[in-house]
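Hi everyone, thanks for coming. I'd like to walk you through a protein model today, one piece at a time. Please have a look at the screen while I talk.

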Amino acid sequence: VTNEQKDLTAARIYQAKLSNLDLLLKNHIFISPLLDELGDFTYQRAQYLNFSVTQATGEIHVEGVVENYQNLGKILLGLSTSPNFTDVELLSVAPSGGEVPGFNFSIDMVAAQNLFMEKQ
């Protein structure tokens, strides 16, 4: 294999990487407005541990921990009062077995599409 062939192979690999990066940037979605809304309507003493979003449908799944049932109720009430969240549903609640005492919870909801911004 000559040096020219090695250089050509390296150039093709680099070009493929740039093409993949370009594709990622074109399809990038900013979720800052979504995170701001979630923060504004979440009871401050709650702790989110996991968070997943399906942008196409607006479906959100969060898991976290709270100190007691009263605080869990405050989370559900807060999220339900947001005009940008619908179908707020408590999926599960169980005593925390970890280092943080309290109750683990999981919640599903749907976010309005205006909370997802495509990169311009």
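Predicted model: local features only at pLDDT ≥ 70, side-chain atom pairs only at ≥ 80, totals over all residues.

## A walk through the sheet

Let's begin with two strands: strand 2 and strand 3 (residues 59-66) are paired in the antiparallel sense, and seven bridges join them.

Now let's zoom out for a moment. The protein has three helices and six strands. If you trace the elements from the N terminus, you read α-β-α-β-β-α-β-β-β. There are 120 residues in the protein, and 23% of them are buried.

In what order do the strands of the open sheet of four strands lie? The order is 2-3-5-4, and the pairing is antiparallel. Strand 2 and strand 4 (85-95) each have a single partner strand, so they stand at the edges, with one side of each left without a neighbour in the sheet. On average, neighbouring strands here are turned by 15° against each other, direction ignored.

Next, the helices that go with this sheet. Helix 2 (residues 32-40) lies across strand 2, strand 3, strand 4 and strand 5, and it runs at about 140° to strand 2. Helix 3 (residues 69-81) also packs on the sheet, where it touches strand 2, strand 3, strand 4 and strand 5. The direction of helix 3 makes about 165° with that of strand 4.

Is Ser106 buried or exposed? Its relative accessible area is 7%, and the cut-off for buried is under 20%, so Ser106 counts as buried. Its side chain makes a polar contact with the side chain of Ser92, at 2.8 Å. If we leave aside the neighbours within four places in sequence, the residues in contact with Ser106 include His61, Val62 and Glu63, as well as Leu90, Leu91 and Ser92.

Now for some rings. The count of aromatic pairs comes to two. One of them is formed by Tyr48 and Phe105: the ring centres are 6.3 Å apart and the planes are at 70°, so this pair is edge-to-face. The pair links distant parts of the chain, with Tyr48 in strand 2 (residues 47-54) and Phe105 in strand 5, 57 residues apart. How accessible are the two partners? Phe105 is buried, at a relative accessible area of 3%, whereas Tyr48 is partly exposed, at 27%.

My last stop is a loop. Asn114 is found between strand 5 and strand 6 (117-118). With a relative accessible area of 52%, Asn114 is exposed. Gly58 is 56 residues from Asn114 along the chain, and the C-alpha atoms of the two are separated by 9.7 Å.

Technical notes
Residues numbered from 1 in each chain as written. Heavy atoms only, no water. Buried < 20%, exposed > 50% of the residue type's maximum accessible area, 1.4 Å probe, protein only. Polar contact = N/O pair within 3.5 Å; in protein donor to acceptor, adjacent residues only side chain to side chain. Contact = heavy atoms within 4.5 Å. Phe/Tyr/Trp six-rings, centres within 6.5 Å; stacked < 30°, edge-to-face > 60°. Pairing = 2+ DSSP bridges. Axes fitted to C-alpha atoms, helices over the stretch in contact; angles between N-to-C directions.
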